[in-house]
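Trainee: I am new to this structure and would like a close look at one part of it, the pairing of charged side chains. Could you take me through it slowly, beginning with a single pair?

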Amino acid sequence: MTELTAGLRPVRFAAFELDLRSGELRKSGVKVSLQDQPFQVLALLVQHAGEVVTREELRKRLWAADTFVDFEDGLNTTIKKIRMALGDSAEHPRFIETLPRRGYRFILPVQPPAGIARSGEKPEKVMLAVLPFNNLSADPEQEFFSDGMTEEMIGHLGMISPRRLGVIARTSVMKYRNADKGVAEIGHELGVNYVLEGSVRRAGDRIRINARLIQVSDQTHLWAKGYERSLTDVFAVQTEVAKSIADSLEVELLPNQNQRSVTPSAEAYEHYLKGRYFWNKRTEEALNKGADYFNRAIGLEPGYAQAYAGLADCYAMLGWNSMLPPGAALPKAQAAATRALELNDALAEAHASLAFCKMFHEWDWAGAEREFHRAFELNPSYPVARPWYAFELSALGRHGEASGEVRRALQLDPFSLAIGASAGLVLSLAGQHDEAIQQCLKTLEMDAAGFYQTHFVLGASYAAKGMVDEALRSLQTAVMLSNRNPHMVAALGHTLAASGRTREARELISELGERGGERFAPPFNIAMVYAGLGERDLTFEWLEKAYENRSLWLIFLNVHPMFEHLRPDPRFKALVRRMGLPALTT
């Protein structure tokens with residue numbers, strides 16, 4: 001036993017247990033062969049999970065000063081052995097991330113085995129996934145209801161014990177609907193200790209819910225129960241399930257965290273679930289449908305705080321994706337979020353939406369940060385807010401903190417295409433274009449057809465590196481997949497202009513300018529193309545219009561690579577100052 005591992009208890013991550021006293025690595029209870037040196041390196045990385053361990057630190061801690069071997073080759077071989085034991089890869093790491101020329105970082109959350117805490121320390125989080133509830137109703141149209149139950153349980157469980165329980169987000173668990181995979185495989189892929197499975201059968205206003213909690217390591221059923229209730233009693237069922245899980249995992253159940261301002265009628269609740277169903281699709285048509293259903297729920301139940309929060313989310317996304325002008329979308333989002341919090345101040349999603357509006361529309365950086373932190377206090381497992389907060393941190397030049405937020409979001413929602421694209425954007429805004437490209441390529445592997453925003457970030461990162469052909473291919477794909485979203489068109493126009501294809505770039509300016517009332521084109525987008533053309537006066541003219549219009553992307557002006565050449569200009573500095581952004585070094 002070495003000084004490094006003496007006196008320490010085992011730790012767990014995904015399906016693995018690392019016994020620091022015996023020097024053994026086990027997967028689902030089965031010992032995995034791993035030599036002493038790789039074990040010591042793995043132990044050091046795990047003990048500093050989430051932190052960078054430099055190559056020099058590894059050399060000093062684990063290689064004797066008089067060792068006559070090639071340290072670089074020895075360490076590289078050691079890391080390869082660890083990855084082989086874990087089933088990991090350098091190209092697409094799930095456990096160990098390589099930071100070129102610096103070191104390594106263990107990127108998965110770790111915790112002691114269930115029921116064990118390090119002496120004198122707070123117990124670590126355990127991770128739970130709520131798998132999609134099966135729809136056992138005769139009507140397949142009730143899929144929205146089973147999806148809604150899944151999402152409601154995720155939200156409810158994410159709030160019962162924020163310090164002890166982490167809950168995987170909806171986007172990542174939905175890929176397992178009807179998947180031919182066992183609990184052990186799913187648990188390994190998601191990096192969780194426990195899985196909640198369930199089913200819903202609805203007949204009129206009666207529902208039958210079955211739920212069971214399973215320990216991933218040995219597939220033991222820790223708890224199972226069935227409920228037959230009226231639809232209006234569904235909230236009591238959610239509370240009972242949460243309490244049973246809290247008791248099973250020996251975590252504290254915090255009181256009044258998920259209180260409802262009203263108990264909605266069956267009809268209002270159905271409208272609410274349909275609103276969330278469409279909100280999760282994120283297309284323009286779906287977001288408008290979602291807003292309509294939330295408004296219907298509010299019409300039936302004026303005190304329905306969750307419906308106001310959903311309405312705020314819809315308007316926030318309509319603004320973010322340039323589907324509505326900021327002046328039409330963001331004030332509505334802010335009013336709905338404010339009303340939701342007047343009715344129930346314990347809604348994490350409403351605090352997050354309010355923070356979104358304060359950041360993008362009011363440029364109230366301190367106010368936005370307060371609201372984000374309140375959202376995280378209420379529900380640290382709510383992944384949507386993490387990339388939003390990362391955007392604010394990026395805009396303020398706090399790139400290290402921004403990267404930390406998107407890493408946390410990816411841990412909670414590892415298969416989310418939107419969060420993967422957001423992580424790439426945060427890296428690109430930090431000037432880490434190689435890392436941004438790798439993040440985008442990794443995200444695209446999850447969906448071969450691609451998410452248009454991922455192609456956009458990939459193209460912008462290629463452009464920043466001068467890889468014009470690759471940039472144009474990615475941006476043309478983004479334009480096509482997004483149905484010619486104005487921001488995608490503008491990014492393509494900027495790159496065409498910067499590569500000397502000015503006629504094509506000006507044609508895209510005309511396209512953006514001629515949209516008029518048919519489809520909103522933010523002034524910021526037109527400024528992007530003029531920046532590529534090198535026409536400074538016109539660029540600043542349109543940036544001023546973006547300032548007056550409160551174009552959402554303007555918050556990134558200080559760190560946006562497309563405007564980097566303008567930073568020394570006094571007009572640029574004046575605009576940044578008026579927005580309350582920090583003066584970054586040029």
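Mentor: Let us begin with Lys 358, which forms a salt bridge with Glu 362, their closest N and O atoms being 3.8 Å apart; please keep in mind throughout that the model is a predicted one. Both Lys 358 and Glu 362 belong to helix H12, which covers residues 348–362, and they sit four residues apart, or about one turn of the helix. Lys 358 has a relative accessibility of 17% and therefore counts as buried, because buried means under 20% relative accessible area. Glu 362, at 35% relative accessibility, counts as partly exposed.

Elsewhere, salt bridges that share partners link Glu 17, Asp 19, Glu 24, Arg 26 and Lys 31 into one network. Within that group, the side chains of Lys 31 and Glu 24 meet in a salt bridge, with 3.5 Å from N to O. Lys 31 counts as exposed, since its relative accessibility is 56% and the cut-off for exposed is over 50%, whereas Glu 24, at 24%, counts as partly exposed.

A further pair to look at is Glu 189 and Lys 181, whose side chains meet in a salt bridge at 2.9 Å, N to O. Lys 181 has a relative accessible area of 32%, so this residue is partly exposed.

The pairs described here are among the 36 salt bridges that the structure holds.

Methods: Residues are numbered from 1 along each chain as its sequence is written. This is a predicted model: local features need pLDDT of at least 70, side-chain atom pairs count only at pLDDT 80 or more; totals for chains, interfaces and linings use all residues. Side-chain values use heavy atoms; hydrogens and water are left out. A salt bridge is a side-chain nitrogen of Lys or Arg within 4 Å of a carboxyl oxygen of Asp or Glu. Buried means under 20% relative accessible area, exposed over 50%, partly exposed in between (1.4 Å probe, protein chains only). Helices (H or I, at least four residues) and strands (E, at least two) are DSSP runs, numbered from the N terminus.
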